[in-house]
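Subject: Structure handover

Hello,

I am passing this structure on to you. Please open it alongside my notes below.

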Amino acid sequence: MRDHVLVVGCGMMGSGIAAMSALAGHKTILYDVDATHTAAGRQKAEACIDLRVENNLNSEEEGTRAKSLLEENVDLEDACSKTCMVIEAIIENVGIKQDMFAKLDEMLPVDVPICSNTSGLRITDISVKCKHPERTVTTHFWLPAHLVPLVEVVMGDKTEETIAVKVRDELRKWKKSPVLVRRDLPGQLANRIFQAIIREAIDIVGSGLATAEDVDTAISCGMAMRFPVWGPLMHLDDIGLQLGLDVQDSVLPSICADKHSGAYIQNLVKNGDLGAKTGKGFYDWTKMDVLKCEEKRNQFIIEAVKVKTKLDEEIDVRK
């Protein structure tokens, strides 16, 4: 019986995706090249489940059941024989992904969706060796996959819309907030917006307008406080489109519009200042604990998800 979700790749993203699949009530297979990887992936998936339970995002009963639904498998053909949906989360290399998709395409019935968690590659390119590219789709979970609600469901050039809609609707049952992206462009949807913010943030630091810390504070304590329930387009409708138009005409001419990476970040990389892993980037990480910063980020996401879920439920009741 085909009632399993197959997660190919047991790294940071794959384990989080597997946790969410199991919490949604699915028998979930963690597949990787050897048993050491699958065991480590299961351990990480269980830790993701525990974190959600500890923070009341799922009940203890849901957590216990989810752990019982996790399986490990190093035999891809055997795993595929049980699978109703695949999410690939292996290395971000187009050639390696193409070979994996070709194998999956051969082993699975044509009605089984084959999805990729790619964050930057095109599903059109990943599925180029598939005989049935119409059932391939990107499902880009945002890090950390077990906490951030967003999943970008991206249609390739040959993806059937019914398949993409089916995958989107399934992910809604996973306590996710999937969005349907109808064109297979670099950066998908959210990363295109995020890169525009990053470009301007780097330019502001590089021009001396403000420090990296002040830029991040302005974003995290300003616009980002509204974003969970109040996106920029809703904001424009609220203030009035004429005012929005006037502000754009005033501000956009002076905003960075480079079509390539800026000199400031190029120089950091050239000097070997690659961020937390080398001790210095925009910040001096020799004076900061990156793990504590990640923990703070995760805890904020957890609390934000709780509040947003509660507000959404209250709004639904009023409707």
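A residue counts as buried under 20% relative accessible area, as exposed over 50%, and as partly exposed in between. Trp 142 has a relative accessible area of 21%, so it is partly exposed. Keep in mind that this is a predicted model.

Aromatic pairs

The count is 4 aromatic pairs. In one of them, the ring centres of Phe 141 and Trp 174 lie 6.3 Å apart, with the planes at 40 degrees, so this pair is tilted. It joins distant parts of the chain: Phe 141 sits in strand β6, Trp 174 in the loop between α7 and β8, 33 residues apart. Both Phe 141 and Trp 174 are buried.

Trp 142 and Phe 194 form another pair, with ring centres 6.1 Å apart and planes at 55 degrees, so this one is tilted too. Trp 142 is in the loop between β6 and β7, and Phe 194 is in helix α8; 52 residues separate them. Phe 194 is partly exposed, at 39% relative accessibility.

The sheet

There is an open sheet of 8 strands with mixed pairing. The order is β3-β2-β1-β4-β5-β6-β7-β8. Strands β3 and β8 are the edges, each pairing on one side only. Neighbouring strands are turned by 25 degrees against each other on average, direction ignored. β2 and β3 pair in the parallel sense over 4 bridges. Tyr 31 stands opposite Asn 73 in β3.

Helices on the sheet

Helix α1 packs on the sheet and touches β1, β2, β3, β4 and β6. Its direction makes about 165 degrees with that of β2. Helix α5 lies across β1, β2, β4, β5 and β6. Helix α5 runs at about 165 degrees to β5.

Best regards

Methods. Residues numbered from 1 in each chain as written. Predicted model: local features only at pLDDT ≥ 70, side-chain atom pairs only at ≥ 80, totals over all residues. Heavy atoms only, no water. Phe/Tyr/Trp six-rings, centres within 6.5 Å; stacked < 30°, edge-to-face > 60°. Helix = DSSP H or I, 4+ residues; strand = E, 2+ residues; numbered from the N terminus. Buried < 20%, exposed > 50% of the residue type's maximum accessible area, 1.4 Å probe, protein only. Pairing = 2+ DSSP bridges. Axes fitted to C-alpha atoms, helices over the stretch in contact; angles between N-to-C directions. Contact = heavy atoms within 4.5 Å.
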